[in-house]
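User: Please take a close look at one part of this chain and describe its surroundings. Keep to what can be read from the model.

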Amino acid sequence: MPQLNTTVWPTIIMSMLLALFLLMQLKTLNTHYHPPASPKLTNIKSRNNPWEHKWTKIYSLHSLPPQF
């Protein structure tokens, strides 16, 4: 029974790893990434709402008297 010749395996494995590395480098060079998002400067206008300055009471259903 003939023996398996493993003397060329390190060469094949190293060339395969080199080829995969080069393919990944080419793939990442051809990708176009979006620039990071920058916040938009907007003019914030303060509105004078009547409910901002006065206290309003919120009635829950359990605090109301029962209605028959």
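Analyst: A helix here is a DSSP run of H or I with at least four residues, numbered from the N terminus. In this predicted model, Met16 lies in helix α1, which covers residues 9-29. The chain has two helices and zero strands.

Met16 is partly exposed, because its relative accessible area is 44% and the partly exposed class lies between the limits of 20% for buried and 50% for exposed. Of the 68 residues in the chain, 0% count as buried.

Met16 also belongs to a nonpolar surface patch, together with Leu4, Val8, Trp9, Ile12, Ile13, Met14, Leu17, Leu20, Leu23, Leu26 and Leu29. The accessible area of this patch is about 1,300 Å² in total. For the chain, the accessible surface comes to about 8,100 Å², and carbon and sulfur atoms account for 66% of that surface.

An unreviewed UniProt entry places the feature "transmembrane region" at residues 6-24. In the model, residues 6-24 are 84% helix and 0% strand.

Terms used. Residues numbered from 1 in each chain as written. Predicted model: local features only at pLDDT ≥ 70, side-chain atom pairs only at ≥ 80, totals over all residues. Heavy atoms only, no water. Patch = residues over 30% accessible without salt bridge, like charges linked within 9 Å, V, L, I, M, F, W, Y side chains within 5 Å. Areas by Shrake-Rupley, 256 points an atom, 1.4 Å probe, with all protein chains shown as cover. Salt bridge = Lys/Arg side-chain N within 4 Å of Asp/Glu carboxyl O. Buried < 20%, exposed > 50% of the residue type's maximum accessible area, 1.4 Å probe, protein only. UniProt positions renumbered as here; feature names shortened; annotations may be inferred.
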